[in-house]
Amino acid sequence: MNLGIQGKRALVIGGTSGLGLACCQSLAAEGVDLAIFARNSETLNRTRSDLTDEFAVRVDTYSGDVTNRADIVSTVELLRDSGGIDILVLNTPRPPSPMRDFLAEDDDSRWEQAYRDQLHGALNVLREVTPLLTTNGWGRIIGITSASVKQPLPRHAISSVFRAGVQAALKHLASEIAQFGVTVNSVAPATIATPTFEQFHDLESRVRLTPLGRSGTPEELGATVAFLASYQAGFITGQLIQLDGGRTASLV
């Protein structure tokens, strides 16, 4: 299927590894030019080289921290000067490890860290980047949240709280900017086999809880994001797509 987004430009937050990198690869395979924002300049440079060599698309990189609003503001200014963007993929850091139940989360520093990385940083990006997308008559915002926003998972207290906050912000935004031709959706993954996921979780036990009987792949998540960015998905907005192998048991 031709997704109709060749020549578009996407800003991918945290696009140098794991799920963010998978999103970059899937979009680049559709001919989308990339702007990647992440903390590590060395990793950014390596990612730019790899993606340019493999997909022959334009890749620009921006070093910064989503928790520092000034970093986002300066990046937006550079993006505006270089032609703007059409697609935003919002992918924020994982919560502190190890994961814990709510009553076991009695360390304020962990809550503060997660708030800044997962919610405050996401709000910085959405508030500063959205105006770039509301002037073209067409745009896509796709957030990467978590299956725990639909069904809170054991030992995911911090993640559930702040990912749910991101989901609420995306839902509000979807209604507010639909008039500009911009859709806003999110993907809620569970048990996606990235190196980081396998480092912090027991993959076998997670697979046993998954009706499909396997873990998901980063490529499957990237493909879902690419579809939500497509012309074909133009009448989908305000939605959360569960990418969890059937694990989430909620009816809606």
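Buried means under 20% relative accessible area, exposed means over 50%, and partly exposed lies in between, with a 1.4 Å probe and protein chains only. By that cut-off Thr-210 is buried, at 5% relative accessible area. This is a predicted model: local features need pLDDT of at least 70, side-chain atom pairs count only at pLDDT 80 or more, and totals for chains, interfaces and linings use all residues. Residues are numbered from 1 along each chain as its sequence is written, and side-chain values use heavy atoms, with hydrogens and water left out.

- Thr-210 sits in the loop between helix 7 (203-208) and helix 8 (218-228). Helices (H or I, at least four residues) and strands (E, at least two) are DSSP runs, numbered from the N terminus.
- A polar atom of the Thr-210 side chain lies 2.9 Å from the backbone oxygen of Arg-206.
- Leaving aside neighbours within four places in sequence, Thr-210 is in contact (heavy atoms within 4.5 Å) with Thr-191, Asp-244 and Gly-245.
- Thr-191 belongs to the loop between strand 6 (182-189) and helix 6.
- Thr-191 is also buried, with a relative accessible area of 3%.
- The phi of Thr-191 is near 55 degrees, a positive value in a residue other than glycine.

**Largest pocket**

- The largest pocket holds about 1,100 Å³ of space. A pocket is found on a 1 Å grid over the protein atoms alone: an open set of points where a 1.4 Å probe fits, with protein on both sides within 12 Å along at least five of seven lines. Grid points are joined across faces, edges and corners, and the volume is the space filled by probe spheres set on the points.
- The lining has 44 residues; closest to the pocket centre are Asn-91, Thr-92, Pro-93, Arg-94 and Thr-196. Lining residues have an atom within 4 Å of a point.
- Helix 1 (18-29), strand 2 (33-38), helix 5 (157-177) and helix 6 (195-200) each supply at least two lining residues.
- Helix 6 gives the largest share, five residues.
- By type, the lining divides into 18 nonpolar, 21 polar and five charged residues. Here Ala, Val, Leu, Ile, Met, Phe, Trp, Tyr, Cys and Pro count as nonpolar, Asp, Glu, Lys and Arg as charged, and the others, Gly among them, as polar.

**Aromatic cluster**

- The whole structure has four aromatic pairs. Rings of Phe, Tyr and Trp (its six-membered ring) pair if their centres lie within 6.5 Å; planes under 30 degrees apart are stacked, over 60 edge-to-face, and the rest tilted.
- Phe-102 and Trp-111 form an edge-to-face pair, 6.0 Å centre to centre with 75 degrees between the planes.
- Trp-111 and Phe-162 have ring centres 5.8 Å apart and planes at 75 degrees, so this pair is edge-to-face.
- Trp-111 lies in helix 4 (residues 108-133) and Phe-162 in helix 5, so the pair ties together parts 51 residues apart in sequence.
- Phe-102 is exposed at 54% relative accessible area. Trp-111 counts as buried at 18%, and Phe-162 is buried at 10%.
- One aromatic cluster takes in Phe-102, Trp-111, Tyr-115 and Phe-162.

**Backbone features in other loops**

- The peptide bond from Ser-97 to Pro-98 is cis, with omega near -5 degrees.
- Pro-98 is in the loop between strand 4 (87-90) and helix 4.
- Arg-155 has a positive phi, near 65 degrees, and is a residue other than glycine.
- Arg-155 lies in the loop between strand 5 (139-144) and helix 5.

Notes
Polar contact = N/O pair within 3.5 Å; in protein donor to acceptor, adjacent residues only side chain to side chain.
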